[in-house]
Amino acid sequence: MSILGLAIALVGANPDWPLSDPGLPPATLATPARWPDDPGYPPGPECRGQWGLFSFTPACAAAVAEPETGLGARVDRAWLWTIGRPEVVIATLDDGPRPGDRDLITQWRLNRGELAPPMGAADHDVNQDGSFDVLDYTAATGTETPTVERIRDPELLGRADRGDTNANGVLDPQDILRIYANGEDDDGNGFVDDVCGWDFVDDDPDPFSDRPPGVGPVHWAIARANDGIGMAGACPGCRGLPLRVSENDVSDAAALALAVLYAGDRGARVALVSASAWGVRPELHAAVEAADGTLVVVGRGRRPGRTVPVVWPSDRVLEVGSVGPDNLDFARARRFDAADPCSGVAAAVTAPGLCDDAGLGIAAGTAGLVWTAAAGIPERSIAPWPTPPTALTIRALLVAAGPVLDARAALDATLERRRVPTPAVIESPDDGAVFDPSRAAPIRFRARFPNPRSEPITWRLEAGAGLDDPSYVLVDTGRVEIDGPPNIAVDVPSIGWTRDPTAAVRTSGAFALTIRLTVRSTAGDEPAMLQLHRVVHVHRDSSLLPAFPVQLPAGVTG
């Protein structure tokens, strides 16, 4: 089946969604006939729908001005280009999904290297829908649920349990693992029987868990759409790779590093990390850099005070903050451009959601849509990029469309190509580093452009005291030529930015200095622009012992 046929099968009884003209005005898109039929998607009387995906203000909130409630991430407008493709895989790093979750059950990709084709067929993708999943063992197609009654594989039908090993009424990936695991590493990747992901907590091939029912970031990212149940994921055409890295939502950094490497090895384009993590592990930075074809998406400042946060390489991962209106009372809506208190500061982008991690899932799903657009959209005769993008390029596209996530703008830039920003990486100072102004030593700012450049770049470096809307002051500007050194090196003064460095002030951000790098291409009528931020602290703590503070290898100050 073609990608177009797959999309038509996905929309089922509602053929106008989402294969509509990308030029449709928002008012047309907002009509119920254009919505997927998932009951959790459209806003109800209490405005509880998936407003974070909308490009419009729901009618239930019409009494409140749009700037007060804030628009969603315009994922509905991005769907007019694509809903994602099965080849684009989003790895989920968390406690592990429930095996029988009916909004996700057909979204998990099975490993062809560990399994023979179903029913002795010549190809794993029996139903020719572009994906090898549990549907290929059943008569269910499209958005239908693979219940036990729909199983048609002769080997499964010959079993007393009809293949339903966990007795949840459906054929799920856990059933496939239990039935076909043979104790061999058939694909030779070092993981025995990794039929559908891996458990990095118990070190076994079953990443599924008995977690209570509920909606998590994975649902916002890849939940099956237009199936009449649950909700719609931002990238419903993408597929998932479940990786269990945590227990009770807390993970060790070593498990995260292994899972990121595994996700990259299995070809995942996005790694959605929704687990809280602890530990200082340089290996995590090395894993993110090694998996340069996998964009790691993490929440910024989740659950403050619960754990010592892992310090990610902030310019290589997409750190997502949350922002949005009060779910229960739109009259108490927050400004859309002001991050929710639980999401921390200095995120690369903010996305619609509060402390429910919805924004994290929306951002990961949007990254899946952008990867899809870069790979080409055959049903619209759009060819893939001549050179496959890296994770840094996809991150730059998402950040450039921010600071509030805009899925449609990111897709437009991806498809137009001429507005693709040049990725940059800040090598120093480390995020959160502390500088003693009494020593009068400058803050050495270093950045580089790791990707080949096709055009000159101009850059502007500014700094401002504080975290919330600092008043930036120009530090330096410059230009990087195509054949010139791919580096930026500037010394930023450490004095004169914050209040008295010896004062006993405990106010959050009192000694913060935000350094902003703006990178702009010089070609075309509409040059692409990318902004990166680095937050450090300028403070002399008289209570510190000599030789402190000490910067640890992974960016944590001790």
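The model is predicted. Its largest nonpolar core has 104 residues, and a second, separate core has 28 residues. The count of disulfides comes to 1.

**Nonpolar cores**

- Within the core of 104 residues, those with the most contacts inside it are V75, L295, V297, L318 and L398.
- Helix α10, which spans residues 358–374, gives this core its largest share, 11 residues.

**A three-stranded sheet**

- An open sheet is formed by 3 strands in the order β4-β5-β7, and the pairing is mixed.
- The edges are held by β4 (246–247) and β7 (276–278); each has a single partner strand, so one side of each is left without a neighbour in the sheet.
- Strand β5, residues 250–252, pairs with β7 in the parallel sense over 3 bridges.
- On β7, S276 is the bridge partner of V250.
- Helix α8 (residues 253–265) lies across β5 and β7, and runs at about 80° to β5.

**Helix α9 and its buried face**

- Helix α9 covers residues 282–290, and L284, A287 and V288 in it are buried.
- Seen down the axis of α9, the buried residues fall within an arc of 95°, so they line one face of the helix.
- As a general rule, an α-helix has 3.6 residues a turn, so residues three or four places apart point the same way.
- The cover over the buried residues of α9 includes α8 and β8 (295–299).

**Cysteines**

- C235 and C238 are joined by a disulfide, with an S to S distance of 2.0 Å.
- The link of C235 and C238 is right-handed, with 50° about the S-S bond.
- C235 has a relative accessible area of 0%, so it counts as buried.
- C238 is likewise buried, with a relative accessible area of 0%.
- C196 has a relative accessibility of 2%; because buried means under 20%, C196 counts as buried.

Definitions and conventions: Residues are numbered from 1 along each chain as its sequence is written. This is a predicted model: local features need pLDDT of at least 70, side-chain atom pairs count only at pLDDT 80 or more; totals for chains, interfaces and linings use all residues. Side-chain values use heavy atoms; hydrogens and water are left out. A nonpolar core is a set of buried Ala, Val, Leu, Ile, Met, Phe, Trp, Tyr and Cys residues joined through side-chain atoms within 4.5 Å. Buried means under 20% relative accessible area, exposed over 50%, partly exposed in between (1.4 Å probe, protein chains only). Helices (H or I, at least four residues) and strands (E, at least two) are DSSP runs, numbered from the N terminus. Two strands pair if DSSP finds at least two bridges between them. Contact means heavy atoms within 4.5 Å. Axes are lines fitted to C-alpha atoms, for helices over the stretch in contact, and angles run from 0 to 180 degrees between N-to-C directions. A disulfide is a pair of cysteine sulfur atoms within 2.5 Å. The arc is that of the directions from the helix axis to the C-beta atoms.
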